[in-house]
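Have a look at the structure first, then read on.

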Amino acid sequence: MAEIRGKTATRESASLPASSSPEEKQEPAPPKVSVLIVSHNNISALRRCLQALEGSKNRAEFEILVVDNGSADECPQIDSEFPAVTVLRLPRYFGATKAMNIGTRTAAGEYIFFLDAETEVTAETVAALAALLDADNDVVAACPLLIDTQGAPVPFLHRLPTAASMRRAWRGNGELDPVTVNLDAETVEVEYAGRAALMTRKQFVKGMHYFDEHYGEYWADAELSYQAWRNQKKTLLLPGLRVTHYPVPGIDDYPPAARTILSADCASGAATFIRKHEGFFAGTIFRLTLIFSALGMALASLAGFRDAGFYWSRFFAVATFQKIDGFQTAL
């Protein structure tokens, strides 16, 4: 499915004596970390992200994989500007979950650093997160503090999702309620940090049998956090390690056709999460609640003569369990 181009940076091998046979030549050591970026029509952010990564102090110790999710801009050709980057090209937009699985299966690193293209790391970021994972086997994931361009913390930390918090997220812009933490601490244990800048152990993701592709665009990262919690493993935030995170569009920022499928995908993924972790009955009730909520908003739109087309389209998309799977044309 994915077309792969580009190459990863490799270390030069020491010269061998003339008597050495080809069989005695050693292969380059695999990278410690695989940085995994999912891109989609965000070339400016992707360039900025890659430029920052290339300035890392431990650049020779990690590979960079870009999984392009059917972009129509220059993202699929980014390896022409950054030849040490490997690009995996998907023909259509399949959602974040499938892209993350393709990238994780391809990755050679012991650790996977999931990174939004809209995140700009510092020279120390990759090494510091890897060192934290090296130091404690009970830490399954680690993240830096996300800050905006003014230096203020971005609200990206959350409790593990519940049916109530996911209903609020779906009715809003796809975002859970944020939590605050002690930013003066050296490390802080957190429940759910998203995937904007999260390093985790590849072996842990493999142990999950990768990400469940019942998820489309939303909530696969919540599954990772839940599995860490269930296995009594820790996700740690390093408040002193700060990276700049630029704004990412929410559901409400898209045109109506794209909003329809994104909102339906958000609902479908939330119902999948609740069904898996609270039981089939709870998942069914949750899905029915969202369907009736969507129907109520569609009926209200007729009375108010506002966005009726969007609300009715969304109702039908939610009621028929649609999720992003590569067959939609709106994204």
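The count comes to two cavities of 30 Å³ or more. On a 1 Å grid over the protein atoms alone, a cavity is a set of points where a 1.4 Å probe fits but cannot get out, and lining residues have an atom within 4 Å of a point. Grid points are joined across faces, edges and corners, and a volume is the space filled by probe spheres set on the points.

This is a predicted model, in which local features need pLDDT of at least 70, side-chain atom pairs count only at pLDDT 80 or more, and totals for chains, interfaces and linings use all residues. Residues are numbered from 1 along each chain as its sequence is written, and side-chain values use heavy atoms, with hydrogens and water left out.

**The largest cavity**
- About 40 Å³ of space lies in the largest cavity.
- Its lining is made by Ala-264, Ala-267, Ser-268, Arg-287, Leu-290, Ala-317, Val-318, Phe-321 and Gln-322.
- Two or more lining residues come from each of α7, α8 and α9 (308-319), and α7 gives the largest share, three residues. Helices (H or I, at least four residues) and strands (E, at least two) are DSSP runs, numbered from the N terminus.
- By class, this lining has six nonpolar, two polar and one charged residues. Here Ala, Val, Leu, Ile, Met, Phe, Trp, Tyr, Cys and Pro count as nonpolar, Asp, Glu, Lys and Arg as charged, and the others, Gly among them, as polar.

**The second largest cavity**
- The second largest cavity has a volume of about 30 Å³.
- Val-140, Ala-141, Leu-198, Leu-224, Ser-225, Ala-228 and Thr-235 line the second largest cavity.
- α6 gives the most to this lining, with three residues.
- Five of the lining residues are nonpolar, two are polar and none is charged.

**The largest pocket**
- The largest pocket has a volume of about 1300 Å³; a pocket is an open set with protein on both sides within 12 Å along at least five of seven lines.
- Of its 46 lining residues, the closest to the centre are Asp-116, Glu-175, Arg-195, Val-248 and Pro-249.
- The lining has 28 nonpolar, 11 polar and seven charged residues.

**Helices α7 and α8**
- The axes (lines fitted to C-alpha atoms, for helices over the stretch in contact, with angles from 0 to 180 degrees between N-to-C directions) of α7 (residues 256-278) and α8 (residues 280-304) come within 6 Å and cross at roughly 155°.
- That makes α7 roughly antiparallel to α8, because angles over 145 degrees count as roughly antiparallel.

Note on methods:
Angles under 35 degrees count as roughly parallel, over 145 as roughly antiparallel, 65 to 115 as roughly perpendicular and the rest as oblique.
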